[in-house]
Amino acid sequence: MKLVNIKKYLCGLLFLGVLSYFAGSFTFASSIPALGFSVHKLESGVEGHTLLIIGGIQGDEPGGFNAASLIVTHYDILSGNVWIVPNLNFLSIIKRSRGVYGDLNRKFDKLHPNDPEYQTINRIKKLIIDPKVDLVLNLHDGSGFYRDTYDDRLHNQNRWGQCIIIDQASIDAKNFSNISTIAKTAVAHVNKHLLKEKELFHVNNTQTIKGNEEMAKTLTYFAIKNNKSAFGVEASKSFLTPKRAYYHLLAMESFFNQTGIRFKRNFQLSEYYIKKAIDDDIHVALNNRKILLKIENVRKKLSYIPLKKNSKIEFQVNNPLMTIVTSGDAYNVFHGNRWLTHLAPQYFHYDFSLDAIHMIVDGSRKKIPFGNIVSVKNSFMVESLKDHRVNIIGFTKQACPNESGIVIRKNNILKKYSIDKKGMIFRVEVYKSQKFSGMVLVDFGGDGLSDFNVASQKKKLDHSKNLF
Ligand SMILES: [Zn+2]
């Protein structure tokens, strides 16, 4: 998308009120300001160390925050614990800015209580010094390639990409005090899996205690001062996001190994599969899941979304980098740095007398709760309801007021009404008189996936918010 569009869609952002944030099983259960960061505690239940991973301290470093988010969505932790903050500077992430209120990674030493990020800094400091946390990783994307000698303009001591940053060689801590050795081991692990030889990782010791004033203001040095083992991980900004995330994930996996945290990754570690994993399976559920929208490959604008009259929109996302922000009378959906779609509402009173419909899908009868996606190969039909009417958005046949009881194929629906760019996913909406009852999506994508599974998704839809 063009930058112009982003600016346009971000106009409404600053006028956001307070956004209350209801946490799920592994996040804070407290109310925090708009676009506050989320904490995802992946706890295995098997005794072990606790690693804290922080992504998105600067909003324009998508390699780090996408990699952190992938740990939440695509990894299982089998022993020990991994706590992840994938979106520390969420407002700056959405605005594609290093820091809307200045550099957040220079606010860990002294900070005026009037600073707009004062609360953010206090929250994250509390997490860092939590007695359970053994080791802290702060993920960045840095320019060029760090080298301890001057090779050329892009490869020298003043560059930050492709290195593990440490403030000093060791600390006085019970666990993981030998920072230098741990960093060297991580670097060796990454260098074993380089995609190209010249992408070599190094250890960069900033020797902060010897008077490095800039580094003394950073998150990792705050951790060091509190006797926590801490590391910065920097992938190179010379790469596209999936490649940056590749190196971040490699480094993180070495830290898992070194802290005895066993894990399972649900995709193959390659640029191709990382790109897929970042984009796959992203959904937004609206208003207590009366509506579920599949956001992968979504059109730039979805019109006439039936929202609730005289109510605030309530939404849940299944990915920590996703959020919805108001824009005038409409809403914008974001994933990390990317603006994905614009939701233009139409307001209705809601009907709560029905929570599912029956459909004949490719010959078999199914009960589909609202807020679900049904895979259709050839045809579907919504069974007639006594008190409700069905509206299939884009259905072309005669202008009938109720589209239940009609066998429908893909070519009966106008492609431009799909919610996805490929023209495969369509809206089936149910109304009772003038009230909206709920929506189901039919997906002609034919990817062989089973129907959207309520149970398995429940775990992930933990990131719910209310917009005021
Ligand atoms: Zn950075």
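## Basis

Residue numbers start from 1 along each chain as its sequence is written. The model is predicted: local features need pLDDT of at least 70, side-chain atom pairs count only at pLDDT 80 or more, and totals for chains, interfaces and linings use all residues.

## Helices H5 and H7

Two packed helices are described by the angle between their axes and the distance between the axes. Helix H5 covers residues 179-192 and helix H7 covers residues 241-258; helices are DSSP runs of H or I with at least four residues, numbered from the N terminus. Their axes are 9 Å apart, at an angle of about 130°. Axes are lines fitted to C-alpha atoms, for helices over the stretch in contact, and angles run from 0 to 180 degrees between N-to-C directions. H5 and H7 are therefore oblique to each other (under 35 degrees is roughly parallel, over 145 roughly antiparallel, 65 to 115 roughly perpendicular, the rest oblique).

On the H5 side, the contact includes Ile 182 and His 189; on the H7 side, it includes Tyr 247 and Phe 255. Contact means C-beta atoms, placed from the backbone, within 7 Å.

## The four-stranded sheet

An open sheet of 4 strands runs in the order S22-S27-S26-S24, with mixed pairing. Strands are DSSP runs of E with at least two residues, and two strands pair if DSSP finds at least two bridges between them. Strand S22 (372-375) and strand S24 (389-392) are the edge strands, each pairing on one side only.

S22 pairs with strand S27 (residues 435-443) in the parallel sense, over 4 bridges. Asn 372 stands opposite Val 440 in S27.

Key:
Contact = placed C-beta atoms within 7 Å.
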